[in-house]
Amino acid sequence: MPIWMEVLVLMLLAYAVGLGLGWAIWGRDT
Amino acid sequence: MAEIVQANWLLIVGALVIGLLVAWWIFVASRRTTVQLEDTDDSEGKPAKRNQALIDAPPAARKDADLPAGKVSQAAEIAASAASPGPASAAANTDATAAAPLGTDAEAGDGTPMAAALNKTPAPAATPSGGDDLTRIKGVGPKLVALLHDMDVRSFADIAAWSDADIDRVDAQLGRFQGRIRRDNWVEQARLLQTGDKAAYEAKFGRTS
């Protein structure tokens, strides 16, 4: 796997974590 | 792996922040926009109706109030002798109390449309006749109330009596509001609002507006 693809996967993971965190903060209790 | 993270931590943190921003936009900002849209839609048409009522109102009352008493009686005589469509109206306004009798004018001649318009305007959209104010349920705005009225849902009792199947049936017709019934727990809210148990409602769903 080329390095840029690993970086992309890591970025996607971080994006997903951010979404999940945002959901937990603002979306869960409403 | 650790080297890649070390070398590109800025990109990864950036992606995390973007994810947070997107989530914030989805769960906070877009909801705020929706409410604004509901508000503007709700108020549409109402001011026009009110203005129309003012336009339709016979202007004699205001004019006569500005005139001195002598001129008022002169105007009344002219109006009476010319047998204009509204002689009774003009005569009524010869009184110095011309400012008051909007109702008098409404009874005499061309005031009728104004009276009709006045009867139409005051009912607020949120409190329709023969039902509860469904906007008291948190998460329900004027748009949803209109949708619910289309389905003949008008009172808290209607919503409180919903079964799971009812919720699915109604939810399927809510368009972009789908999922709100369960998310905002309408049934429980409606049940508490119906019983009038304000303390229990506020304990569970926060302050009533």
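# The core of chain B and what surrounds it

Guide: In this predicted model, the largest nonpolar core has 16 residues, and those with the most contacts inside it are Ile137(B), Ile159(B), Trp186(B), Ala190(B) and Leu193(B). Helix 9 (142-150), helix 10 and helix 13 of chain B are the elements that give two or more residues to this core, and helix 13 of chain B supplies its largest share, 5 residues.

Visitor: How are the residues and chains labelled, and which pLDDT limits apply?

Guide: Residues are numbered from 1 along each chain as its sequence is written, while chains are lettered from A and ligands numbered from 1 in the order in which they are written. As the model is predicted, local features need pLDDT of at least 70 and side-chain atom pairs count only at pLDDT 80 or more, whereas totals for chains, interfaces and linings use all residues.

Visitor: Which residues of helix 13 of chain B are buried, and what do they pack against?

Guide: In helix 13 (residues 186-195) of chain B, the buried residues are Trp186(B), Val187(B), Gln189(B), Ala190(B), Leu192(B) and Leu193(B), and they pack against helix 10, helix 12 (180-183) and helix 14 (198-205) of chain B. Helices here (H or I, at least four residues) and strands (E, at least two) are DSSP runs, numbered from the N terminus. Just after helix 13 of chain B, Gly196(B) takes a positive phi of about 75°.

Visitor: Why is Ala160(B) called partly exposed?

Guide: Ala160(B), which lies in helix 10 (residues 156-160) of chain B, is called partly exposed because it has 17 other C-beta atoms within 10 Å. Leaving aside residues up to four places away in sequence, Ala160(B) touches Val187(B), Ala190(B), Arg191(B) and Gln194(B), where contact requires C-beta atoms, placed from the backbone, to lie within 7 Å. The C-alpha atoms of Ala160(B) and Arg191(B) are separated by 4.8 Å, although the two residues are 31 apart along the chain. With the same exclusion of sequence neighbours, Ile159(B) touches Val153(B), Trp186(B), Val187(B) and Ala190(B).

Visitor: How do you know that the buried residues of helix 9 of chain B line one face of the helix?

Guide: Those buried residues are Leu144(B), Val145(B) and Leu148(B). Seen down the axis of helix 9 of chain B, they fall within an arc of 105°, so they line one face; the arc is that of the directions from the helix axis to the C-beta atoms.

Visitor: Why does Asp152(B) count as exposed, and where is it found?

Guide: Asp152(B) counts as exposed because it has 8 C-beta neighbours inside 10 Å. Asp152(B) is found in the loop between helix 9 and helix 10 of chain B, and its phi is positive, about 65°, although it is not a glycine. Asn185(B), in the loop between helix 12 and helix 13 of chain B, likewise has a positive phi, near 55°, in a residue other than glycine. Asn185(B) is partly exposed, with 17 other C-beta atoms within 10 Å.

Visitor: In which helix of chain B is confidence lowest, and in which is it highest?

Guide: Confidence in chain B is lowest in helix 7 (residues 102-107), at a mean of 47, and highest in helix 10, at 91; pLDDT is the predictor's confidence in each residue, from 0 to 100. Over residues 95-101 of chain B the pLDDT is below 50, and beyond near neighbours in sequence this stretch has 9 contacts in the model. Where pLDDT is low, the predicted coordinates should not be read in detail. Chain B averages a pLDDT of 72, and 56% of the residues score at least 70, while the model scores ipTM 0.88 and pTM 0.35.

Definitions and conventions. A residue is buried if 20 or more other C-beta atoms lie within 10 Å of its own, exposed if 12 or fewer, and partly exposed in between; C-beta atoms are placed from the backbone. Two residues are in contact if their C-beta atoms, placed from the backbone, lie within 7 Å. A nonpolar core is a set of buried Ala, Val, Leu, Ile, Met, Phe, Trp, Tyr and Cys residues joined through C-beta atoms within 7 Å.
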